[in-house]
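Please read them with the model open.

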Amino acid sequence: EKEELKKMVGVPTKTIDNRHVELAGNIGTPNDVEGVLKNDGEGVGLYRTEFLYMDRSNFPNEEEQFIAYKSVLEGMNGRPVVIRTLDIGGDKELDYLKLPKEMNPFLGYRAIRLCLDRVDIFKSQLRALLRASIYGKLRIMFPMISSLEELLRSKEILEECRQELINEGIETDNNIEIGMMIEVPSAALISDILAKHVDFFSIGTNDLIQYTTAVDRMNEKIHNLYNMFNPAVLRLIKLVIDNAHKEGKWVGMCGEAAGDDKMIPILLGFGLDEFSMSAISILKARKQINSLSFEKMKEFSDKILTIGSAAEIEEEINNILK
Ligand code: PEP
Ligand code: MG
């Protein structure tokens with residue numbers, strides 16, 4: 001089977017009726033670029049920068065960050081790289097950032113909320129990203145956005161950083177795509193408005209499932225309730241894709257669902273433009289997508305949206321995959 005998959009290296013990702021989608025890899029460190037290239041990822045769809053901040057005793061400075069981002073952009077050799085700004089809090093803690101204990105960390109002071117409060121931390125990352133932008137094709141993405149105000153404020157701070165660098169005589173790329181994650185239902189529900197202010201969305205199903213269904217993604221006791229086939233989650237995904245497309249924007253997905261062979265046919269049918277997954281899943285996903293008909297999956301996914309139970313949806317998918 002491994003040999004079979006190797007044959008997919010260098011092959012374009014497109015359905016039998018010629019719908020092209022982008023297959024990208026998720027990475028946590030610059031070293032992971034190698035795996036994405038080996039598996040012929042067409043880009044990096046999610047670089048989780050929080051690993052740069054973890055397992056150390058203080059914040060990485062601008063220079064350290066710049067070196068890491070530059071290395072990833074150069075390593076990908078012109079292929080697009082989505083770098084997500086700091087997504088700390090929730091399940092990811094920093095020893096050196098003492099934060100008060102929270103009753104509901106996943107609903108608390110985390111990710112973009114923390115960055116918009118601690119603008120000093122945010123700015124050092126944004127400056128590093130802007131400086132690195134000339135070394136490849138950078139896409140900047142904000143995590144956990146739950147309102148229009150947060151998105152606009154994030155973009156404003158990014159512009160401030162750009163202006164600072166220009167004043168310092170430092171070159172930055174003028175064509176950086178700016179996007180945001182859709183992980184919170186409130187963002188999905190106003191995605192028609194948000195789409196006017198971004199170049200792309202990337203759907204984070206790991207969190208979107210948790211917030212839509214009120215099921216803690218870490219809680220083993222209710223793991224059976226944490227389900228990517230939940231019809232409410234699927235409807236939100238479809239809504240986000242349609243809203244973005246109406247504004248001419250593209251939509252990716254970087255949650256676990258993007259690499260799941262049962263989800264891929266539905267996501268394809270919904271019109272998802274980019275799938276980002278762990279590197280080892282890329283060639284398998286390409287093989288599957290290249291065997292499917294976009295038109296048929298569109299019909300199939302429309303039908304899926306009329307079903308009210310996750311178990312039934314999964315059964316329908318099992319049937320069509322047979
Ligand atoms: C997600 O929520 O789906 C996601 C990709 O982000 P993380 O898993 O890092 O929370
Ligand atoms: Mg998330």
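The points below go from the strands to the helices.

1. The model is predicted, not experimental. The remarks that follow should be read with that in mind.

2. Start with the strands. Eight of them close into a barrel, and their order is S1-S2-S3-S4-S5-S6-S7-S8. The pairing is parallel. From one strand to the next, the twist averages 25°.

3. One strand pair can be followed in detail. Strand S4 covers residues 137-142 and strand S5 covers residues 177-182. The two pair in the parallel sense, over four bridges. For Arg139, the bridge partner in S5 is Glu177.

4. Which strands does helix H4 touch? Helix H4, residues 62-75, packs on the sheet and touches strand S2 (44-48), strand S3 (80-84) and S4. The direction of H4 makes about 155° with that of S3.

5. Next, look at helix H10 (residues 205-213) and helix H11 (residues 231-246). Their axes come within 9 Å and cross at roughly 120°. H10 is therefore oblique to H11. The crossing in which H10 passes H11 is right-handed.

6. Which residues of H10 and H11 meet? From H10 the residues are Leu208, Ile209, Thr212 and Thr213. On the H11 side they are Ala232, Val233 and Leu236. Sorted by class, the contact of H10 with H11 has five nonpolar and two polar residues, and no charged residues.

Methods. Residues numbered from 1 in each chain as written. Chains lettered and ligands numbered in written order. Predicted model: local features only at pLDDT ≥ 70, side-chain atom pairs only at ≥ 80, totals over all residues. Pairing = 2+ DSSP bridges. Axes fitted to C-alpha atoms, helices over the stretch in contact; angles between N-to-C directions. Contact = placed C-beta atoms within 7 Å. Parallel < 35°, antiparallel > 145°, perpendicular 65-115°, else oblique. Left-handed = near helix turned anticlockwise from the far one by under 90°. Nonpolar A, V, L, I, M, F, W, Y, C, P; charged D, E, K, R; others polar.
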